[in-house]
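Open the model in your viewer and keep the selection tool at hand.

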Amino acid sequence: STKHVVADECGSPSWSADSRRILHFRWGGLFSMDVDGRNSERIYEIPIEDQAWMTPQYSPDGEHIAVSVQLLSGSKGGLPEVWVLNSDGTGLRRLTRQGGSHPSWSPDGRAIIFTRANYLNNLPGSGVLWSVDPVTGVQQQVTSKWPESCPTPVAESSWGDIKRRFR
């Protein structure tokens, strides 16, 4: 008989690079389990009353995990940010400070691509892709919003002008 993990509200599953483990959230923690649902282990206990963790991703070598964390309460509340921790749950550290969600590792593990997610304002660097070095924390904007890359701002163009550009 196969014994599977019984869990409430599992979410955000992600494969390990070797396809042997599945990283996921469950009530109060970040967990890893075998692909058949066995050998589940809590990697990190999440204080559920003041944090929301989303979209965990193993690094290609399986040694680290990138995750988006949103602090929800008190003066710490605000935007989701990209954090990284060791795959054993130690060494949690924050990589972004101006919004970051949906982290994804580069194949060589030397960069993490993410969406700069600043819902509080509409700055040019918000809502676009950025990369961050997981060791140094150095960030670089990768894409721009469409209006910033147009030769004429849309607000100054008529609909006819815009349609003519795409004929």
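## Start at Glu 81

Select Glu 81: it is buried, with a relative accessible area of 3%. Buried means under 20% relative accessible area, exposed means over 50%, and partly exposed is in between (1.4 Å probe, protein chains only). Before going on, note that this is a predicted model, in which local features need pLDDT of at least 70, side-chain atom pairs count only at pLDDT 80 or more, and totals for chains, interfaces and linings use all residues. Residues are numbered from 1 along each chain as its sequence is written, and side-chain values use heavy atoms, with hydrogens and water left out.

The side chains of Glu 81 and Arg 94 form a salt bridge, 3.4 Å from N to O; the term requires a side-chain nitrogen of Lys or Arg within 4 Å of a carboxyl oxygen of Asp or Glu. Glu 81 belongs to strand S7 (residues 80-86) and Arg 94 to strand S8 (residues 93-94), so the pair ties together parts that are 13 residues apart in sequence. Strands (E, at least two residues) and helices (H or I, at least four) are DSSP runs, numbered from the N terminus. Arg 94 is partly exposed, with a relative accessible area of 29%.

## Zoom out

How many salt bridges does the structure hold? There are five. Colour by secondary structure to see two helices and twelve strands, in the order β-β-β-β-β-β-β-β-β-β-β-β-α-α along the sequence. Of the 167 residues in the chain, 37% are buried.

## The salt-bridge network at Arg 21

Select Arg 21, Asp 34 and Glu 41, which are linked in a network of salt bridges. Within it, the side chains of Asp 34 and Arg 21 meet at 2.5 Å, N to O. Asp 34 sits in strand S3 and Arg 21 in strand S2, 13 residues apart. Are these two buried or exposed? Both Asp 34 and Arg 21 are buried.

## Along strand S2

Now select residues 21-26, strand S2, where six of its six residues are buried. Arg 21, Leu 23 and Phe 25 point one way from S2, while Ile 22, His 24 and Arg 26 point the other way.

Show both neighbours of S2. Strand S1 (residues 11-15) pairs with S2 in the antiparallel sense over three bridges; strands pair if DSSP finds at least two bridges between them. On the other pairing, six bridges join S2 to strand S3 (residues 29-34), again antiparallel.

Next, look at the turns. The hairpin of S1 and S2 has five residues between the strands, and Ser 19 there takes a positive phi near 60°. The hairpin of S2 and S3 has two residues between the strands, with Gly 28 in the turn at a positive phi of about 85°.

## Last stop: Ser 106 and its loop

Move to Ser 106, in the loop between strand S9 (101-105) and strand S10 (112-115). Ser 106 counts as buried because its relative accessibility is 17%. Not counting residues up to four places away in sequence, Ser 106 touches Pro 60 and Ala 111; contact means heavy atoms within 4.5 Å.

Finish with Arg 110 and Asp 108, a salt bridge whose closest N and O atoms are 3.6 Å apart. Both Arg 110 and Asp 108 are exposed.
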